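The exercises below are to be worked with the sequence and the model at hand. Each task is followed by its solution.

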There are 2 protein chains.
Amino acid sequence: MEQSEHTFALTLSYIGTAFHGFARQDDDVQTVQGALEAALATVFAQPVWTVGAGRTDAGVHALGQVVSFSLPDEVLNGRDLARLCRSLNALTPDDMAIRSLAPKPAGFSARFSAIEREYRYRIVAGDTPPLFTAPFVWWLPGRPWLDYNLLRAAAEHLVGEHDFQSFCVSASSIDKNTVRTVKSISIFGVDHLGEPCTVVQVIGNAFLHSMVRIIVGSLAEVGLGRRPPAWLGEALEAQDRRAAGPTAPAQGLTLWRVRY
Amino acid sequence: MEQSEHTFALTLSYIGTAFHGFARQDDDVQTVQGALEAALATVFAQPVWTVGAGRTDAGVHALGQVVSFSLPDEVLNGRDLARLCRSLNALTPDDMAIRSLAPKPAGFSARFSAIEREYRYRIVAGDTPPLFTAPFVWWLPGRPWLDYNLLRAAAEHLVGEHDFQSFCVSASSIDKNTVRTVKSISIFGVDHLGEPCTVVQVIGNAFLHSMVRIIVGSLAEVGLGRRPPAWLGEALEAQDRRAAGPTAPAQGLTLWRVRY
């Protein structure tokens, strides 16, 4: 006997600082997915299992994380989606915000239907400590301003379809296929709440574990003048984590947007 | 016997949330000036009395607050100003950041030498709660987006030299002369950390107690369509606090910059 279901995509933002990452864990550990599923279970009076577009690490933020889930028809009977959003916002922690809830065709998966993911990494270099933006940036105290020309020249080596094994946490045996496509890496300056910072915007089809943070940690080595831009190409070819730079801290990273 | 002194201007930012305002109070109350003077006293091994450009209220933030102080020559002997900044940042609370320290001519006062002060007020209207910017904005939940044309038409009534008694906390008997010059009020949209908000930028020679917050609270009445733009002109002419709108919350306000 087949049951008719509705599938939804929920877009949410979170401040990653206090969460032990996105992915659901034991009940005692606060995760984004755990907190969201608890709120969904309360609202719909039944367990709800979600799938996320990006399994962000502990401390990583999200502006446009997308989560999908399905519910039997009768559970949704006549529910208003905007009102559901407000209920979920009231039931979830203050460091999460549900942005929207939209119906999707059957078979939609926030993870597998995604065709493009965008991450942004924020860096502040210089003597002045960041204040308003402090929880959302990587501060390099006392460092000179990063050289954008060097950063851009280095980033060029990573754009395209490559085996990114050098830019992946080696302990992560989840990713057997380490080939990914980086569509673009852009470097630009922005001003948030009056504080200037450098943004490394990385767009790709999908990313390996810690891949964006290792890319940024490696780019920073070049931007600070410690390595030449061509070193990024060598690190990529080596297919060895030890050939790339350090992993940049989680707090500078934000999952910005997912495209379907 | 005259003592030779050096005068300095210190520029600092702070998150106003946890401070009981800028102005020094009893020792048990955490204020910006109190915390700064305690750090200065430690660094210079003597009491230091400061003067601030703007006495911001409890909960009001600052990007470019300016504070002046003077010290006898011998106290400064050979001190490096960049290093002093770093020491002060280490000694002050995490929700304060000293941006710069610069020598000034004798007689300079952060308060009385200022020719122009700029405040910015951030408003978020709509169903989605602000997240990354939440401590720095006034959220109008469920309200429609503010009408910029109405806001701008209303603001025009306040630009120029006027008696702003209607836009001043009536209990404040400090301000006997309530004439001030508002040089400009600009309304524009910005994006901070991925979240859109409306900025009301107010530039003037000086401001009365809560003046910017009452201006913004009154403008919001117009932007939400509750009052016509001309109402701002009537409120101004009335010279009566009751004629203007409510005082907008402190957390949306930032002392942005002071010009000398």
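**Exercise 1.** Leaving aside neighbours within four places in sequence, which residues is B:Leu81 in contact with?

*Solution.* The model is a predicted one. Start with the element: B:Leu81 belongs to helix α3 of chain B, residues 81-91. Next, list the contacts with the neighbours within four places in sequence left out: B:Phe8, B:Leu101, B:Ala102 and B:Pro103. Then classify the residue: B:Leu81 has 23% relative accessibility and so counts as partly exposed, since that class lies between the limits of 20% and 50%. Finally, take a distance: B:Leu81 and B:Arg122 are 41 residues apart in sequence, and their C-alpha atoms are 33 Å apart.

**Exercise 2.** Determine whether A:Arg213 is buried or exposed, and find the polar partners of its side chain.

*Solution.* A:Arg213 is part of helix α5 of chain A, residues 211-223. Its relative accessible area is 14%. Buried means under 20%, so A:Arg213 is buried. For the partners, look at the side chain of A:Asp57, with which the side chain of A:Arg213 makes a polar contact at 3.4 Å. Then look at A:Ala248, whose backbone oxygen is 2.8 Å from a polar atom of the A:Arg213 side chain. Residues touched by A:Arg213 also include A:Tyr121, A:Pro246 and A:Leu253.

Technical notes. Residues numbered from 1 in each chain as written. Chains lettered and ligands numbered in written order. Predicted model: local features only at pLDDT ≥ 70, side-chain atom pairs only at ≥ 80, totals over all residues. Heavy atoms only, no water. Helix = DSSP H or I, 4+ residues; strand = E, 2+ residues; numbered from the N terminus. Buried < 20%, exposed > 50% of the residue type's maximum accessible area, 1.4 Å probe, protein only. Polar contact = N/O pair within 3.5 Å; in protein donor to acceptor, adjacent residues only side chain to side chain. Contact = heavy atoms within 4.5 Å.
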